[in-house]
Amino acid sequence: MPATGRDGDVDAALMRRALRLARAARKRGEVPVGAVAVRDGAVIAAASNRMECSGDATAHAEMLVLRRAAAVVGGWRLGGVTMVMTLEPCPMCAGAMVQARVDRCVYGAADPKKGADGSVYDVLRHPANNHRISVRAGVLGDECGRLLSEFFRARRQASEADHRER
């Protein structure tokens, strides 16, 4: 979905920032996902995946951003916050966003294997939740998806080359 109008332009600009973070993650050998949190028009937290370098399965970009945003606002309730990420959140990240009362989620590429905004699960807007998050999907989705596809293609090729050498 193309970003149009003032909100769309802001979403696209924030997504470009998240994409820069995702590219930095790729350079570290991490799955290239970046995320930012915005409140009152200002970025209050930003991060990219750090699972590999930290050895922490919860070190997804979104989880790191939620922790940093909570530190900035002085508590776990993140009302008024928009989360912008390059990939549809997984169930862990989506659940944490619901628990934190994030207002809005903007993401780029859908995740057909673990997505929690309807691709596989429906965590963000599930009717049983006491809080539902407004979602805008597909912002710079092609670019976000291409970055992930290229990363995993290169990883598969390296793995295949390694197996051939054995």
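Predicted model: local features only at pLDDT ≥ 70, side-chain atom pairs only at ≥ 80, totals over all residues.
Entry 1: E1 covers residues 34–39, and E2 covers residues 42–48. I looked up their pairing next. E1 and E2 are antiparallel, with 6 bridges. I followed Val38 across and found Val43 as its bridge partner in E2.

**Entry 2: the other neighbour of E1.** I then turned to E3, residues 81–87. E1 and E3 also run antiparallel, joined by 5 bridges. I went back to Val38 for this pairing. Its bridge partner in E3 is Thr82.

**Entry 3: burial of E1.** How many residues of E1 are buried? I get 5 of the 6, so the strand is largely enclosed by the rest of the structure. Buried here means under 20% relative accessible area.

**Entry 4: the largest pocket.** I moved on to the pocket list. The largest pocket has a volume of about 600 Å³. I find 26 residues in its lining. Nearest its centre lie Val31, Leu87, Asp111, Lys114 and Phe152. Which elements give two or more residues to the lining? They are helix H2 (51–54) and helix H5 (141–165). H5 gives the most, with 7 residues.

**Entry 5: lining by class.** I have 12 nonpolar, 10 charged and 4 polar residues.

Note on methods. Residues numbered from 1 in each chain as written. Heavy atoms only, no water. 1 Å grid on protein atoms, 1.4 Å probe; cavity = no way out; pocket = protein on both sides within 12 Å on 5 of 7 lines; lining within 4 Å. Points joined across faces, edges and corners; volume = space filled by probe spheres on them. Helix = DSSP H or I, 4+ residues; strand = E, 2+ residues; numbered from the N terminus. Nonpolar A, V, L, I, M, F, W, Y, C, P; charged D, E, K, R; others polar. Buried < 20%, exposed > 50% of the residue type's maximum accessible area, 1.4 Å probe, protein only. Pairing = 2+ DSSP bridges.
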